[in-house]
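Q: Could you take a close look at the aromatic pairs here and tell me where their rings sit?

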Amino acid sequence: MRKEDLVLMGFVRGAFGIKGWIKVQADTEYADGLFDYPTWWIGREGSWQEYRVVEGKAQPKGVVAQLEGVDDRDVACALRGCEVAIPRSALPETGDNEFYWADLIGMAVSNPAGTAFGVVDSLMQTGANDVLVVRDGKQQTLIPFVKAFILDVDLQARRLTVDWEAGF
């Protein structure tokens with residue numbers, strides 16, 4: 001499986017217990033939403049392996065899961081730091097003006113006047129709304145991901161146009 005065909009959904013924080021369970025920090029709207037996918041791809045540095053989820057439970061800071069073939073703590077510990085992904089083809093279709101965060105990361109951000117702010121490095125939830133974290137070298141710009149500021153999202157061109165001024 002190629003990284004381009006996968007959508008990152010979180011990462012393995014470490015082992016949980018002595019029977020091979022793993023702790024996962026889920027980067028999904030609801031942590032237990034990760035269990036909607038019976039198979040996870042786990043890997044690092046472009047090397048991926050498919051695992052079937054045997055059992056899982058929601059926890060305050062993510063989820064814990066038992067994976068087929070991971071049956072002792074040492075094997076689970078070896079997965080620490082690995083990314084957890086699912087195939088893009090397994091995701092439900094988005095509606096109009098809905099986007100997966102994974103699709104926004106890496107997009108160039110500018111305003112109609114042509115001011116370039118950099119590229120979307122990540123997104124964060126603030127409670128009120130999601131916020132784009134845009135980086136241009138060491139410069140960071142935070143832009144609320146709300147209709148008032150997002151003028152256009154062009155997935156094909158990998159470009160976001162925002163109603164935002166430098167120095168905000």
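A: Here's a walk through the aromatic pairs, ring by ring.

This is a predicted model, so local features need pLDDT of at least 70, side-chain atom pairs count only at pLDDT 80 or more, and totals for chains, interfaces and linings use all residues. Residues are numbered from 1 along each chain as its sequence is written, and side-chain values use heavy atoms, with hydrogens and water left out.

The structure holds 3 aromatic pairs (rings of Phe, Tyr and Trp, its six-membered ring, with centres within 6.5 Å; planes under 30 degrees apart are stacked, over 60 edge-to-face, the rest tilted). One of them joins phenylalanine 99 and phenylalanine 145, edge-to-face, at 6.4 Å centre to centre with 80° between the planes. That pair links distant parts of the chain, 46 residues apart: phenylalanine 99 is in the loop between S6 and helix H2 (101-104), and phenylalanine 145 is in the loop between strand S10 (139-144) and strand S11 (150-154). (Helices, H or I of at least four residues, and strands, E of at least two, are DSSP runs numbered from the N terminus.)

How buried are they? Phenylalanine 99 counts as partly exposed because its relative accessibility is 23% (buried is under 20% relative accessible area, exposed over 50%, partly exposed in between, with a 1.4 Å probe and protein chains only). Phenylalanine 145 is partly exposed too, at 21%.

Another pair is phenylalanine 149 with tryptophan 164: the ring centres are 5.1 Å apart and the planes at 85°, so this one is edge-to-face. Phenylalanine 149 belongs to the loop between S10 and S11, while tryptophan 164 lies in the segment after strand S12 (159-162), 15 residues apart. Phenylalanine 149 is partly exposed at 26%, whereas tryptophan 164 is buried at 9%.
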